[in-house]
Amino acid sequence: MVANLNSSVPEIALNGVTKRFRKGAIAVQNISLTIERGEFVTFLGPSGCGKSTLLKLVSGLSPVSEGSVLVNGMTPENARSLVSFIFQDATLLPWRTVEQNVGLGMELEHAARNARKERVAKMLDLVNLSHAAKSYPRELSGGMKMRASIARALVSRPRILLMDEPFAALDEMTRDRLNEELLRLYAEEKWTVLFVTHSVAEAVFLSTRVVILAAHPGRVAHEINIDLPWPRTAETRESQAFEAQVTQASRLLRGVYQP
Amino acid sequence: MKKRWLILNSIGLFACLVGVWSTILALAHIPAYILPGPIAVAQALHDRFPSLLNSLWITAGEAAGGLVASIAVGVAVAMLFAQWRGIRQLVFPYTVLLQTVPIVAIAPLIINWVGAGVFAVTVVTFIICLAPIIANTTQGLISVDQNLVHLFLMYKATPAQILFRLRLPNALPNLFTGIRISAGISVIGGLTGELFAGSTRVGEGGLGYAIIYANNQMETAYLFALVLAATALGFSFFFIVMFLEWLALHNWHESSRPQTAD
């Protein structure tokens, strides 16, 4: 890791962040949020509320118009080595095999070949994809593609994961299974995660905190702490506590959908 | 089994065409200097084979030279267009002009500039092949999924890394589309160039020059053999490019996948 880490500052701090597009449309307005190390925070809200924009602001892919974003006390551009981004599509390069895709970041950093191979093999093993190392993306199912995408994100040993609706295109069973796998990895690796989804159940299952955003302009409407016990498994979804938190989040979400 | 059936069908169709051709000649009493029969063409092919092969090699060399040069220059220009939007917006419309240039009109000019012979014909071929390469490659280079660009930016990739590791491989299918179009017209470009600048030695030159020469000498059967050779050359170019495209793309691109029933 290249950046100098500071444990006394919040992992991610948004202070009065506004994002205005060129034609004047406001994506998010005056958002202030503090996210501590190890939190799993999910953004939930209607289309156009700026969920994905927030991830782009934290990653530095898009500059803020007003306010500030600090990642471990640094500007997002300087903190990129701490952050990995997982997109809605698996964004695998179709001309590369799975292992070549997973090793892309290390290759671009000119990492030594042996170190790269070793790390890639470990990450593929972590996401149960070793058997498909030599396959091309077109030979994989949707779930396998997303696991490859997660492995690629983990290769660079990130402290922070930004996940923009990564499981939205998958069927429910695959999504549930990947949610459980993600939490298994989260428990091992202790990242800070910013997650975007449209699914209330997924948000509640994964998160330590759910932030509900309202649209036009995007702003924080509610925050819910999720106090479901860990580890969370398939049984968690059948518990009354889970149902209660899903109901609570759904009610608050319905509120922001109403004009 | 299906493949053998297809080959037998093709041979059968060819035999039918030759039969129809011979029958029309016999029934209509058309003189051989106007339309020679298939046997006369085959005889001319046999008798003049070394000379025909020489012409074929000359045209193949000119067409291949022009095509390869157009690929090298076309890809370089497309990369400039992809990297600098301002240059693309300013210059790209002019590359369309290349496609509309009446090559027959400017071929004599090129001979004036570079002199008659193989080089002039290669230049004509290069000009005719360039526009499809530039247009298709540019399209492929700029049509990259924005998320993939973001991914590379997250890895702090340099502009050169984004160009060579992302944009260029992404543009390969488009590049091959351009090469396929240009491969077809490269032979036409070579023949057209030879009509004007065919040879520096009387009686020896590429297929275009030999066609004019055979026509002037009323060697119609040999002229037909030359036309067949030119057609075969065009086919060969097309299939060589198809093979190279398959080699480059078959592992990952939909266009190179065998079609299967769903």
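**View 1. Arg157(A) follows helix 5 of chain A.** Its phi is positive, near 50°. Helices (H or I, at least four residues) and strands (E, at least two) are DSSP runs, numbered from the N terminus. This is a predicted model: local features need pLDDT of at least 70, side-chain atom pairs count only at pLDDT 80 or more, and totals for chains, interfaces and linings use all residues. Residues are numbered from 1 along each chain as its sequence is written, and chains are lettered from A and ligands numbered from 1 in the order in which they are written.

**View 2. Helix 5 of chain A is mostly covered.** Of its 14 residues, 12 are buried (20 or more other C-beta atoms within 10 Å of the residue's own, C-beta atoms being placed from the backbone; exposed is 12 or fewer, partly exposed in between). Among them are Met144(A), Ile150(A) and Leu154(A). The buried residues pack against strand 5 (83-86), helix 4 (113-126) and helix 6 (172-189) of chain A, among others.

**View 3. Helix 6 of chain B spans residues 118-142.** Of the 25 residues in helix 6 of chain B, 22 are buried.

**View 4. Chain B meets chain A.** Here 14 residues of chain B are in contact (C-beta atoms, placed from the backbone, within 7 Å) with 13 of chain A. Helix 7 (146-154) and helix 8 (159-197) of chain B each supply at least two residues of the chain B side. The largest share, 6 residues, comes from helix 7 of chain B.

How values were computed. The expected span of a helix is 1.5 Å times one less than its number of residues. Two residues are in contact if their C-beta atoms, placed from the backbone, lie within 7 Å.
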